[in-house]
Amino acid sequence: MKFDIKEEDMIIKPYNTEGPIYIREQKGFFQRIRRNLGWLLMLTFIAIPWIQYNGQQAVLLDVATQTFTIFGLTLLPQDFMILALLFMVGAFALFFVTNWLGRVWCGYTCPQTIWMLMFSWVEQRIEGTRNQRIKLDKSQWTLSTWRKKITKHSAWIIISVLTATSFMAYFIPAKSLYMEMLTFEWSGITSFWVFLFAFCTYGNAGFLREKMCTIACPYSRFQAVMFDKDTLLVTYDSERGENRGPRKRKADPKELNLGDCVDCNLCVEVCPAGIDIRNGLQYECINCGLCIDACDDTMEKFGYEKGLIKYASEKQMEGKKTNPFRLKLVGYGALTALLIISMFAWMLQRTPIEASVLRDRNALYRVNYEGLVENPYTLTIINKTQQALHYSIAIEGLPGATLSSPRATLVKPGTMKRVPVTVTADGYDIERKVSKLQFIVTAQENASITITKDSQFYKN
């Protein structure tokens, strides 16, 4: 028995833009990985601000004081290089993973995907299955409809506010932030940012959903340049699946001139992006693998071999072997490793102190009542540790010179302090009008914390 294929059936259908996407809940191997990983990342995101290290919040990005504290490492604006390296590591690591496994970042670890599917999970628990939600939205508004909608949106708002508060705990000490929340003592600026982030979470995960991935996110647009014939992508085996068509479970597909695809449409209904993977590679696909679980479940029920939809490269679909050592993948991996090494090398060479010397521009030098030449300076000392330290100042390189400065300068952790000092010397003992000297700043509590800064001494 043969089926006539009409011309309109051969046209690839575009991305579904008509109305909302009702995601069907699906169980399976990849769904378990995605859900468990999502819970792990979400709990980690919430828990990190509560971790204590040396009696302080382990991770605190204090924008007001321009101080970033990460497990005892205090980063100031002068340490911008390490932040630049960190972002570069993230970018090249993303390129590496994308060339290897496609958009698995989007499907498994992207916050937008995790929160979108969490909101969908809440929606399913309140409004019911996919078919029940479609029926509910098409039905007239009744008391039951209002109750379900209000309950759903209330749950979404609570999740959004808690998400925004957890995010703000990275910038404001977590204990004080939550205590002020319970006592309704948030400042105006705190309330503004919390409710702004809550609004964004509520809108992105509850309403925009897949449109953030397919329209707003630039990653979906430039990902294609990172793919090659060896990239593992969610792929439909058209040779095995076509011709697709419904049939009874015990029917022989060969007698019906059909492939293994029973055209159940479950792969479309479980897709968070609402695409049909059977239409080939599409930039909207986030490589989450939910369609694989749905298809494998159907294949098992019909007694067919699993893998009609699977992770495979273009070469594998052509019967060839994937090259794991291709130039692009190795290049991305090598650059990622090089940047990580550079970042750690920079951290090992980093000193927990910064200092600068500024001469008094109004008076390069002066002669005191004893006939000695004085040069005034201002030293700026930055304490990049998490402990208050006392710093002493000494000079070298100018024989016979004396230094007038405080015996110990207290600098609080993560702050800077300006210290006025004066260097005095006998002008007859100095041959040059401009001589070099060095200021040495040392922590009295730890002699290894020291820094030397060059400057100049002027005489008449």
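1. Basis. The model is predicted, so local features need pLDDT of at least 70 and side-chain atom pairs count only at pLDDT 80 or more, while totals for chains, interfaces and linings use all residues. Numbering starts from 1 along each chain as its sequence is written, and side-chain values use heavy atoms, with hydrogens and water left out.

2. H6 against H8. Helix H6 (residues 143–168) packs on helix H8 (residues 188–208) at an angle of about 130°, with axes 8 Å apart. Helices here are DSSP runs of H or I with at least four residues, strands are E runs of at least two, and both are numbered from the N terminus. Axes are lines fitted to C-alpha atoms, for helices over the stretch in contact; angles run from 0 to 180 degrees between N-to-C directions. H6 is therefore oblique to H8. The scale is: under 35 degrees roughly parallel, over 145 roughly antiparallel, 65 to 115 roughly perpendicular, the rest oblique. The crossing of H6 past H8 is right-handed (near helix turned clockwise from the far one by less than a right angle).

3. The H6–H8 contact. Contact means heavy atoms within 4.5 Å. On the H6 side, the residues include His 153, Trp 156, Ile 157 and Phe 167. On the H8 side, they include Trp 193, Phe 197, Tyr 202 and Phe 207. By class, the contact has 12 nonpolar, six polar and no charged residues. Ala, Val, Leu, Ile, Met, Phe, Trp, Tyr, Cys and Pro count as nonpolar; Asp, Glu, Lys and Arg as charged; the others, Gly among them, as polar.

4. H1 against H13. The axes of helix H1 (residues 29–47) and helix H13 (residues 290–302) come within 7 Å and cross at roughly 150°. Phe 29, Phe 30, Gln 31 and Arg 34 of H1 meet Leu 290, Ile 292 and Asp 293 of H13. This contact has four nonpolar, one polar and two charged residues.

5. H4 against H5. Helix H4 (residues 111–127) and helix H5 (residues 130–138) have axes within 9 Å, crossing at roughly 75°. The two are therefore roughly perpendicular. Glu 123, Gln 124 and Glu 127 of H4 touch Gln 132, Arg 133 and Leu 136 of H5. The classes are one nonpolar, two polar and three charged residues.

6. Salt bridges. The count comes to 24, with a side-chain nitrogen of Lys or Arg within 4 Å of a carboxyl oxygen of Asp or Glu as the rule. Glu 123 and Arg 209 form a salt bridge at 3.3 Å, N to O. Glu 123 lies in H4 and Arg 209 in the loop between H8 and helix H9 (210–216), so the pair ties together parts 86 residues apart in sequence.

7. The sheet. Three strands form an open antiparallel sheet in the order E3-E4-E5. Pairing requires at least two DSSP bridges between strands. The edges are E3 (59–62) and E5 (73–75). Four bridges join E3 to E4, and Val 59 stands opposite Ile 70. E4 (residues 67–70) and E5 share three bridges, with Phe 68 opposite Leu 75.

8. Backbone points to check. Most residues other than glycine have a negative phi, and most peptide bonds are trans. In the E3–E4 hairpin, Gln 66 has a positive phi near 55°. Asn 54 also has phi near 55°; Asn 54 lies in the loop between E1 (52–53) and E2 (56–57). The peptide bond from Glu 242 to Asn 243 is cis, with omega near 0°. Asn 243 lies in the loop between H11 (238–241) and H12 (266–269).
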